[in-house]
Amino acid sequence: QVQVVESGGGLVQAGGSLRLSCAASGAIFSVNAMGWYRRAPGKQRDLVASITRGGSTNYADSVKGRFTISRDNAKNTVYLQMNSLKPEDTAVYYCKATLQATGLWVPNDYWGQGTQVTVSS
């Protein structure tokens with residue numbers, strides 16, 4: 001069984017910073033890409049940032065220059081450093097891990113439960 005667990009959300013004032021963490025654990029053979037998504041109230045879930053196993057990154061235009069994604073392959077963990085936060089960054093942030101579970105031949109997407117980030121003005 002595979003688990004994906006996020007942590008690090010909370011309430012912060014505009015201009016502040018938060019760091020999210022996400023760890024994949026369990027019966028894992030290999031972890032491919034990992035990423036962060038967010039869903040604001042009344043909106044769909046959108047990509048924030050993603051990172052491949054080799055370290056290539058991709059960011060939504062709205063967070064470029066403010067957010068940084070990184071990962072620790074040895075720990076199957078991905079991080080999202082969020083700086084210069086704005087009220088419009090308020091959302092539930094979800095972690096996705098594309099990984100191959102032990103005993104399976106193909107990778108699948110596994111999602112965390114989400115963590116709330118609230119930015120006050």
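How many helices and strands are there in the chain? There are zero helices and 11 strands, taken as DSSP runs numbered from the N terminus (helices H or I, at least four residues; strands E, at least two).

This is a predicted model, in which local features need pLDDT of at least 70, side-chain atom pairs count only at pLDDT 80 or more, and totals for chains, interfaces and linings use all residues. Residues are numbered from 1 along each chain as its sequence is written, and side-chain values use heavy atoms, with hydrogens and water left out.

**View 1. Salt bridge between Asp-89 and Arg-38.** The N to O distance is 3.0 Å; a salt bridge is a side-chain nitrogen of Lys or Arg within 4 Å of a carboxyl oxygen of Asp or Glu. Asp-89 lies in the loop between strand 8 (77-82) and strand 9 (91-101) and Arg-38 in strand 4 (residues 28-39), so the pair ties together parts 51 residues apart in sequence. Asp-89 is buried at 1% relative accessible area and Arg-38 is buried at 14% (buried: under 20%; exposed: over 50%; partly exposed: in between; 1.4 Å probe, protein chains only).

**View 2. Salt bridge between Asp-89 and Arg-66.** The closest N and O atoms are 2.8 Å apart. Arg-66 lies in the loop between strand 6 (57-59) and strand 7 (67-72), so its pairing with Asp-89 ties together parts 23 residues apart in sequence. Arg-66 counts as buried, at 11% relative accessibility. Arg-38, Arg-66 and Asp-89 are linked in a network of salt bridges.

**View 3. Salt bridge between Asp-61 and Lys-64.** Their side chains meet at 3.1 Å, N to O. Asp-61 is exposed, with a relative accessible area of 64%.
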